Amino acid sequence: MKTALIGCGAVAGNHLAAIGKLPGVEIVALCDIVPERAEAAKLKYAPTAAVFTDYKKMLDEERPDAVHIATPHHLHCEMACEALARGIHVFLEKPICISEEEIDRLTDAEEKSPATLTVCFQNRFNPATVVAKKLLAEHGGVACARASVTWNRDDDYYRADAWRGKKATEGGGVLINQAIHELDLLIGFCGKPISVAATVANHAHRASIDVEDTAELLISFDSGATAFFTATTAFSCDAPNFDELYCKDGRRITLVGQEIYLDGKPFPYDVPDGFSLPGKECWGTGHYRLIRRFYEALERKAPNPVLLSSAAVPVRVLLAAYRSSNAGTTVPIK
Ligand SMILES: NC(=O)c1ccc[n+]([C@@H]2O[C@H](COP(=O)([O-])OP(=O)(O)OC[C@H]3O[C@@H](n4cnc5c(N)ncnc54)[C@H](O)[C@@H]3O)[C@@H](O)[C@H]2O)c1
């Protein structure tokens, strides 16, 4: 199978290292508007790949079976639609896009295409997530939950790449970028979100960004469960993500990073071999596991691991949270 990648920046190495471990998948082309970045990726991960600065030219000339999209957020929808229109399978970095209108465009493009789109929510497949979901089912599901993302990003981080910290190109701040994985997991634990009341603020990065660095959301689910979610990049360090799930039978499941506790006591579980790959701990370690599943799905050995429809849900929640914060009211989620 021939594959390609658009956007040879910080996260691209996670994709390319993962593809390199998959027999039968060849990286034939790399694209970045900064050619040196594509050349550096070629040198490290794919010595025979062709290098492009124009992704449409790459798709047309190389005709890959699949393409990975790891570019700034405002480019995701357009690039994915262009690939799908050419019948090329897409592995799309989170978030899928930055507006409701783009969700509709992507959905339409996927429906019309013979190709598949899979979204990079790798943390869904972390052993801790899978074990916690199983435990939750044994204890009757969620009555209420709280979760938080408390990380540190300094002004230099936001200034390093022009697209970061800007509504037009990032689509928002901590919610749409750093916290979307945890929001996605929370939704996976709690069910279908129906409304949100939220406040977003910029506490520590007024000099560098025009979006929120801090958010608090009260989310209601159709099961009757509620969840309180907080996120910030204004903390002093990258603390492990935290989830606490109060079960309907009165038990309490707590996740601190990849550790699980049941009623406050450690709950040991097996971590499969080969789980970890180099990469930032806070990004999770699951790119390889998810990318392997993506290619297995293309070979029809497994179902699509992360459907567009499910990956759209956290985006709808955070877009509703922005509207709620602006309006000062509870907002329904489409
Ligand atoms: N799944 C995860 O855990 C995870 C982790 C980090 C980043 N991400 C996501 O990956 C994406 C990229 O993030 P990053 O940190 O690597 O950003 P980055 O800025 O380091 O890399 C983006 C790259 O895209 C290139 N680019 C911009 N416009 C382009 C165009 N028109 N054509 C080709 N290339 C173009 C840039 O030159 C840059 O090299 C974002 O969506 C981000 O949210 C996901």
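The questions below concern charged side chains in a predicted model.

Residues are numbered from 1 along each chain as its sequence is written, and side-chain values use heavy atoms, without hydrogens or water. Local features need pLDDT of at least 70 and side-chain atom pairs pLDDT 80 or more, while totals for chains, interfaces and linings use all residues.

Q: Which side chain of opposite charge is nearest to Glu212?
A: Lys and Arg count as positive, Asp and Glu as negative, and His and the chain ends are not counted. A salt bridge needs a side-chain nitrogen of Lys or Arg within 4 Å of a carboxyl oxygen of Asp or Glu. Glu212 is buried and has no salt bridge; buried means under 20% relative accessible area, exposed over 50%, partly exposed in between (1.4 Å probe, protein chains only).

Q: How far from the side chain of Glu212 does the backbone nitrogen of Leu175 lie?
A: The backbone nitrogen of Gly173 lies 2.9 Å from a polar atom of the Glu212 side chain. For the backbone nitrogen of Leu175, the distance to a polar atom of that side chain is 2.9 Å.

Q: Is Glu244 buried or exposed?
A: Glu244 forms a salt bridge with Arg252, with the closest N and O atoms 3.2 Å apart. Arg252 is partly exposed because its relative accessibility is 27%. Glu244 has 3% relative accessibility, so Glu244 counts as buried.

Q: What is the N to O distance between Asp60 and Arg63?
A: Asp60 is partly exposed because its relative accessibility is 40%, and Arg63 likewise at 43%. Their side chains meet in a salt bridge, N to O, at 3.7 Å.

Note on methods. A polar contact is a pair of N or O atoms within 3.5 Å; within protein, one must be able to donate a hydrogen and the other to accept it, and residues adjacent in sequence count only if both atoms are side-chain atoms.
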